[in-house]
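Trainee: I am new to this structure. Please pick one place where two elements meet and go through it closely.

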Amino acid sequence: LFWALMLHLILEFIIGVVIMDFVAQHLTEQVKNGNPNSVNNDELRQYFGTLLKTLSSLYLGVNGGAEWGTIAEPLVDVSTWLVLLFGLYISISIFCVLNIITGLFVEN
């Protein structure tokens with residue numbers, strides 16, 4: 001059980017760092033271009049402004065605390081690949097990792 005939870009945390013951390021890095025670069029470019037306060041930038045800062053906010057958004061997306069479509073929507077302006085990465089993370093978390101954890105509880 002410990003290693004399954006660690007796998008999930010490591011996966012969440014890696015995806016979170018990648019998404020946050022791309023969002024930080026996008027927000028920096030927006031400031032350089034003179035458009036730092038658009039509505040989408042505010043949503044990006046809300047969901048992905050810091051590592052803690054990014055990890056929280058990923059956690060809420062997987063566990064139903066927030067609709068993951070709403071969380072992923074601001075990522076479209078950054079990169080379509082980030083939306084696909086976010087969807088892949090949700091799919092892997094729900095269908096693979098959490099089923100392994102559930103199986104471990106049922107087995108014991």
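**The crossing of α1 and α3**

Mentor: Helix α1 passes helix α3 in a right-handed crossing. A crossing is right-handed if the near helix is turned clockwise from the far one by less than a right angle, and left-handed if anticlockwise. The model is predicted, and local features need pLDDT of at least 70, side-chain atom pairs count only at pLDDT 80 or more, while totals for chains, interfaces and linings use all residues. Residues are numbered from 1 along each chain as its sequence is written, and side-chain values use heavy atoms, with hydrogens and water left out.

Two packed helices are described by the angle between their axes and the distance between the axes. Here α1 covers residues 2-32 and α3 covers residues 51-63; their axes come within 9 Å and cross at roughly 120 degrees. The axes are lines fitted to C-alpha atoms, for helices over the stretch in contact, and the angle, from 0 to 180 degrees, is taken between N-to-C directions. α1 and α3 are therefore oblique to each other: under 35 degrees counts as roughly parallel, over 145 as roughly antiparallel, 65 to 115 as roughly perpendicular, and the rest as oblique.

On the α1 side, the residues that meet α3 are E12, F13, I15, G16, V17, I19 and M20. Their partners in α3 are L51, T54, L55, L58 and Y59. Contact means heavy atoms within 4.5 Å. By class, this contact has nine nonpolar, two polar and one charged residues. Ala, Val, Leu, Ile, Met, Phe, Trp, Tyr, Cys and Pro count as nonpolar, Asp, Glu, Lys and Arg as charged, and the others, Gly among them, as polar.

The C-alpha atoms fill a box of roughly 55 × 20 × 20 Å, taken along the principal axes. Of the 108 residues, 31% count as buried, where buried means under 20% relative accessible area, exposed over 50%, and partly exposed in between, with a 1.4 Å probe and protein chains only.

Definitions and conventions:
Helix = DSSP H or I, 4+ residues; strand = E, 2+ residues; numbered from the N terminus.
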